[in-house]
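Please open the model in a viewer and keep the selection tool at hand. The stops below proceed from the interface to a single side chain.

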Amino acid sequence: MTHLFSTDHRTIGRQYLTLALIAVITGTLLSLLMRTHLVWPSWKLPLHGSILPEDYLSLVTLHGTIMLFFVLTTAPQSGFGNLILPSQIGAQHMAFPRLNAFSFWLTALAFAVLLSSPFVYEGAAISGWTAYPPLSAIPSAGPGQGLGMDLWLASIAIFSIASTINSINTLVTIIRLRCKGMTWDRLPLTVWGWFTAALLSVLAFSVLLAALLLLFCDRHAGTAFFIPPGDQVSGVIHAAGHPGNGSPLLWLHLFWFFGHPEVYIAILPGMGLTSMVLANFSRRPVVAYRLMIATTLAIGVLGILLWGHHMFVAGLNPFASTAFSITTLVIALPASAKVLSWIATIWRSRPHYTTAMLFSLGFVSLFITGGLSGPILAQPILDEYLHNTFFVVAHFHLIMAMAGVFSLFAATYYWFPLISRGRLLSERLGRWHFWLTLYGAYNTFFPMHFTGLAGEPRHYAQLTQIPNAAGHLLAATLPLNLHITTSAFILAASQLIFLVNLVRSFRHGEATPANPWQATTLEWYPCFNLPTEPLMAHRPPCQYIVTASGDESFLPQWIEDASVDIKSIKRE
Amino acid sequence: MPSTITPINTERDKKRHLDDHEGGHGRRPPTDKRTGGGGDNDNWNDRPQGRRGPREKLSRARLGLFFALAGDLMFFVAIVSAFFVAQNSSHIDVYNRYVNQWLPTAIPPILWLNTAVLILSSVTMEVARRSMFRETDVMDEWLGIGKPLTRRVLPWLVATTALGLLFLAGQAVAWHQLNIQHVFFSSNPSSHFFYLITYTHAIHLFLGIGALIAALTALYASRLLETRQILIDCTAWYWHAMGLFWIFLFALLAFFQ
Ligand SMILES: [Cu+2]
């Protein structure tokens, strides 16, 4: 029991990661059900029967909610943040250990509440992870808008509070607990990622909480914040008891003010990790280190100014569309600067292709492919056509889901000795895992651009048996959809390799010396227990030497006397 | 060493270290900053870093509270934004009339009194907070000579709690008065916001009163002076923030309906 309710940051980090692993397995299985239903609509789910449209929508909702909140927010920010961050800045613990444990158990509670929602009468919520009103604001609007929706709201509200608490902890830890010599410009880029993501969480999650409260009042207190006057659902006027000129657009503003920063909360720590891993295995300092810090912060700031690009087709003042379009396009600048730095770091080096390195390269690749469709969607006129199609699904699954997950895999392979106290994941299985995952990721999500361009809509339970020209258009996408579903199964199946690797390596993995990757940051200080004396950082991270004859050595932050002067190891 | 003595000047002036690189004033002299890590004249290590020393825990807790309050501010900002949106939205009805259903809620006059009570409670809270750091008392308390801190702080804390409860009671009276006039939560868009804002603020004050009670308990129950100081200090900042939030929310309800 003492272990279960531990206040040790490493234990809490592991607990978060375990939660995220359970969540990602659940979310993946749900997505497989959806893909199966799309290509074989008549297939009957054992113990359940046919998948009705409302079932399909609840699958969409649960999949999105679980993946966004309990995987892409929880694993990088709370999981690896707790596990690695204190050691990486030379602190012995987080700033508020008990609060830390509390926020983990709140997160677990939020997940439990969410998982209970499919089992209530009327079933799980069907409004998508964005819960757009007015349907979500009216419990009697139909199946999936009743108690399941309330549980969804409760779950996300609890999650918001937990995430805010965790982010406050992260911020104070970074600001107050850095060890001697760990100045702001010596902080590893992962720490900058966690820092910016935590700032975004603190500012954005409370806006979500306010929006959830308003929605809850609409549902149960007779208000009309989001219910337009005279609102009809299936011929029934539901707005009667709700006075006022409520506007679903208000929800969209509040929700996306949170929702877009959420994307960066998920990806910023991964960007930092990628920089560090690429530098490590290329034996090079990160190119333009300070610029990378600046771009991280710039992405954070811009990230909260561009929520309106989710509303181009929802109805927005045209001038506002232009403003949001510009801020969205501007974010391509720091993002491109990051990509250039990644490429420049590995350019003409002799990289060590470990699995962590491969996954980081995969991250860069997916970040580029997924990112390229960003500026396309950022233009209101193009978004007009593409917004409710699978083109958008392709975009965010490549850049957010897949790039995010690739950075999580890179983190797992890279930091596994710290999770397992001195064992490595199998590199051989890791390679199989990487190549199959890369194949699966591209073959699953890239073709969605084409089905989207062909007009395949999002959130549609069934693509067959649609009359007229639309039906013809959609029928043409079916072969490609079959390919997507097959690839999705390959993608999911290749994760079994990862699970086997995890389970086996915890017990029987190759025992490793304390710093197997020759990393330079403090979490690799050569001992798997917490260092007894306070650490000190003597230099920036990622200092390596490669001589002309190919000999490599590295200068970790914790070593005091370096026989080699840093000037002489600047890039030759 | 007691964790509460006023830090010496060099410590208080945390950004500037008195050493051979600079005189404690102005910018760092233009020496080469990259001398090689750990070697002679390596002033990398003199850059600001995570602070250690007296009041470390206190400043940590305070910083955490300020981030929490920044988040909380965003919560109210979101609700106030919604207030202005709802106030200015309208629709065209079936008779082609322009309809705006916003009926300004006349605030009950007792809110003025409540506001005064809340401001007063902030004053008593600040007296309590400052007394907690009076150096001679802290020294006595730390050395175990009597309980001057407890004696000095207790009445002010009790006063703050009482004034806080009085404010909440006053709010309840205001809600009651509105109910008598048949202005309910769901009556019209303006009353939605009146109740929503006052309710959420009241919930915040309830939490504040919980914190006050915790601080009062800690005055007797906690043996660590630092814990008591942290509890009272953070409660005070929270309380001030809620007072400040209320002034803005009250101004919104009173003058911008
Ligand atoms: Cu966005």
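Select chain B and chain A together and display the polar contacts between them: seven residue pairs, both members at pLDDT 80 or more, meet the rule across this interface. A polar contact is a pair of N or O atoms within 3.5 Å; within protein, one must be able to donate a hydrogen and the other to accept it, and residues adjacent in sequence count only if both atoms are side-chain atoms. This is a predicted model, in which local features need pLDDT of at least 70 and side-chain atom pairs count only at pLDDT 80 or more, whereas totals for chains, interfaces and linings use all residues. Residues are numbered from 1 along each chain as its sequence is written, chains are lettered from A and ligands numbered from 1 in the order in which they are written, and side-chain values use heavy atoms, with hydrogens and water left out.

Next, colour the side of chain B that touches chain A by residue class: 17 are nonpolar, 20 polar and eight charged. Here Ala, Val, Leu, Ile, Met, Phe, Trp, Tyr, Cys and Pro count as nonpolar, Asp, Glu, Lys and Arg as charged, and the others, Gly among them, as polar.

Then select the residues in contact (heavy atoms within 4.5 Å): chain B contributes 45 and chain A 48.

Finally, centre on A:Leu199, located in helix H5 (residues 189–220) of chain A; helices are DSSP runs of H or I, at least four residues, numbered from the N terminus. Beyond its neighbours within four places in sequence, A:Leu199 contacts A:Leu171 and B:Phe67.

Conventions: Helices (H or I, at least four residues) and strands (E, at least two) are DSSP runs, numbered from the N terminus.
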